[in-house]
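Student: I have a model open on my screen and would like to learn how to read it. Could you take me through it feature by feature?

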Amino acid sequence: MKRPQVFVTRPILPPLADLQPLLEEIWSTRILSNNGPILRRFESALCAYLGVEHISIVNNASIGLLLSLRHFGIAKEVITPPFSFIATSHAIRWAGAEPVFADIDPVTLNLDPAAVEAAITPRTEAILAVHCYGVPCDTTALAAIARKHGLKLIYDAAHAFGVRRGGRPVVAEGDLSILSFHATKVFNSFEGGAIISPDRETKLALDRLGNYGIVDEVTILETGLNTKMSELNAAVGLALLPQMDAAIAARDRVATRYWEALSQIQGLRCLCPPKQEGHNSYAFPILVGKGYPLSRDGLYQRLRDQDLFARRYFYPLISDMPMYRSLPSAAPERLHVARRAADEVLCLPLYPDLDPIDQERIIDVVSRP
Ligand code: T4K
């Protein structure tokens, strides 16, 4: 029998029975948006789950990044990694600033603090770092650099839902952190995201900026944007939250099986050891290097031939994209580590209900290419 196609991820959904009462509530109140009652409950439940106090829910992480940069009035240069999803740099441009690319650390594939420091100019206003695959950045070193140079430190935490280090939520680091609740993420509300603020004043300022700058019916003091999440999306998120411990545990089980089967193969490097404090098994990235019988693209294609759709997150580098490649900081000789990672990385399919038979198909191809 032909086995099904397997994609890099597959969203989890709340049981329909848990969503139904929330839909009935929406149908009865006719409150569909604008900081409605379900959104407010979702916000409180998220705060409790993540272990933080101040969350602004938004309609996606890209808009959350943009709102965060605009909140701080960032309009000059922002240091950021080229090894990320394109949204990270696009948000900087939409805010009216320029990305300045700095190389990444070869172990974590996150911003290398030494490269960040070397990229600072008199125009630098902020660092926008990414917890790539949910692996935390060197937040201590980045905070020290930000403090020393008077820079804002913003984390693109799109992948880092629920990640803790030393018992502390990683999204509590920096001046602001932004989560994504896109369908492809550990936790989803179909589309959505959240900004984690250090204090209530910042949260309220972000909420206002994301609601057109409205203070009250007759007072609008700034040029705001609409970043609101609908009650429908909030209902999905609220109903899904109770499933999250089990979903992350199931991800860990899938990652553990990959680790057992693949971590000793010559020429492969598995990046995220499972079940470690500090990540959420968002992805299972491998680096396909010298000593492995196929190139990364060869392995990618070999899997595709079997209807197994691994993905090259993140290739090409953002700094190679047409709208960024002429920036001085995009010069290839400045970004050796990122370039190598982009050429070698492959994310294997990983989601909570990945069928073990399909996982063994993937392992078979990777271990006997
Ligand atoms: N920062 C970082 C570091 C990010 O990774 C992202 C998003 C952002 C910021 C921005 O967050 P948002 O503004 O989106 O909240 C996907 C996602 O669209 C994107 O959200 C994500 N990162 C990125 C890593 O991946 P694509 O274009 O590669 O996704 P796509 O449509 O090819 O989906 C991948 C696979 O997932 C499909 O083959 C099948 C499965 N899938 C996808 C969707 C959308 C489903 O099974 N159901 C679905 O509804 O970008």
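Student: What should I know about the model before we start?

Tutor: This is a predicted model, where local features need pLDDT of at least 70 and side-chain atom pairs count only at pLDDT 80 or more, while totals for chains, interfaces and linings use all residues. Residues are numbered from 1 along each chain as its sequence is written, and side-chain values use heavy atoms, with hydrogens and water left out.

Student: Thanks! How do I read a sheet, and what is the strand order here?

Tutor: In general, strands of a sheet pair through backbone hydrogen bonds, either parallel or antiparallel. Helices (H or I, at least four residues) and strands (E, at least two) are DSSP runs, numbered from the N terminus, and two strands pair if DSSP finds at least two bridges between them. In this model, an open sheet of 7 strands runs in the order S2-S10-S9-S6-S5-S3-S4, with mixed pairing. Strand S2 (54-58) and strand S4 (98-101) are at the edges with a single partner strand each, so one side of each has no neighbour in the sheet. From one strand to the next, the twist averages 25°; axes are lines fitted to C-alpha atoms, for helices over the stretch in contact, and angles run from 0 to 180 degrees between N-to-C directions.

Student: Which way do S5 and S6 run, parallel or antiparallel?

Tutor: Strand S5 (residues 124-130) and strand S6 (residues 152-156) run parallel, joined by 5 bridges. Leu-128 stands opposite Ile-154 in S6, and Ala-129 has Tyr-155 as its bridge partner in S6. S5 also pairs with S3 in the parallel sense, over 3 bridges, and there Ile-79 stands opposite Ile-127 in S5.

Student: Which strands does helix H3 lie across?

Tutor: Here contact means heavy atoms within 4.5 Å. Helix H3 (residues 61-71) lies across S2, strand S3 (77-80), S5, S6, strand S9 (176-180) and strand S10 (193-197), at about 165° to S9. Helix H6 (residues 139-149) lies across S5 and S6, at about 150° to S6.

Student: How many residues of S5 are buried?

Tutor: Buried means under 20% relative accessible area, exposed over 50%, and partly exposed in between (1.4 Å probe, protein chains only). S5 is mostly covered, with 6 of its 7 residues buried. Take Thr-124, which sits in strand S5 and is buried at 9% relative accessibility. Leaving aside residues up to four places away in sequence, Thr-124 touches Glu-77, Ile-79, Ala-119 and Leu-151. A polar atom of the Thr-124 side chain lies 2.8 Å from the backbone nitrogen of Thr-121.

Student: How many salt bridges does the structure hold?

Tutor: A salt bridge is a side-chain nitrogen of Lys or Arg within 4 Å of a carboxyl oxygen of Asp or Glu. The structure holds 19 of these salt bridges. One of them joins the side chains of Glu-98 and Arg-93 at 2.8 Å, N to O. Glu-98 is partly exposed at 29%, and Arg-93 is partly exposed at 30%.

Student: Where do Asp-207 and Lys-203 lie?

Tutor: Both are in helix H7 (residues 200-209), 4 residues apart, which means they are separated by about one helical turn. Asp-207 forms a salt bridge with Lys-203, with 2.6 Å between the closest N and O atoms. Asp-207 is partly exposed at 28%, whereas Lys-203 is buried at 9%.

Student: And what about Arg-257 and Glu-260?

Tutor: Their closest N and O atoms are 3.5 Å apart in a salt bridge. Arg-257 and Glu-260 lie 3 residues apart in helix H9 (residues 244-262), about one turn of the helix. Arg-257 is partly exposed at 29%, while Glu-260 is exposed at 55%. Elsewhere, salt bridges that share partners link Arg-3, Asp-355, Asp-358 and Arg-361 into one network.

Student: Last topic: which residues touch the most other members in the largest nonpolar core?

Tutor: In soluble globular proteins, nonpolar side chains tend to be buried together. A nonpolar core is a set of buried Ala, Val, Leu, Ile, Met, Phe, Trp, Tyr and Cys residues joined through side-chain atoms within 4.5 Å. The largest core has 62 residues, of which Phe-42, Phe-83, Tyr-133, Phe-161 and Met-244 touch the most other members. Elements giving two or more residues to this core include helix H1 (16-29), helix H2 (37-50) and helix H8 (231-240). Another core, of 27 residues, lies apart from it, with Cys-270, Tyr-292, Ile-362 and Val-365 among its members.

Technical notes: Polar contact = N/O pair within 3.5 Å; in protein donor to acceptor, adjacent residues only side chain to side chain.
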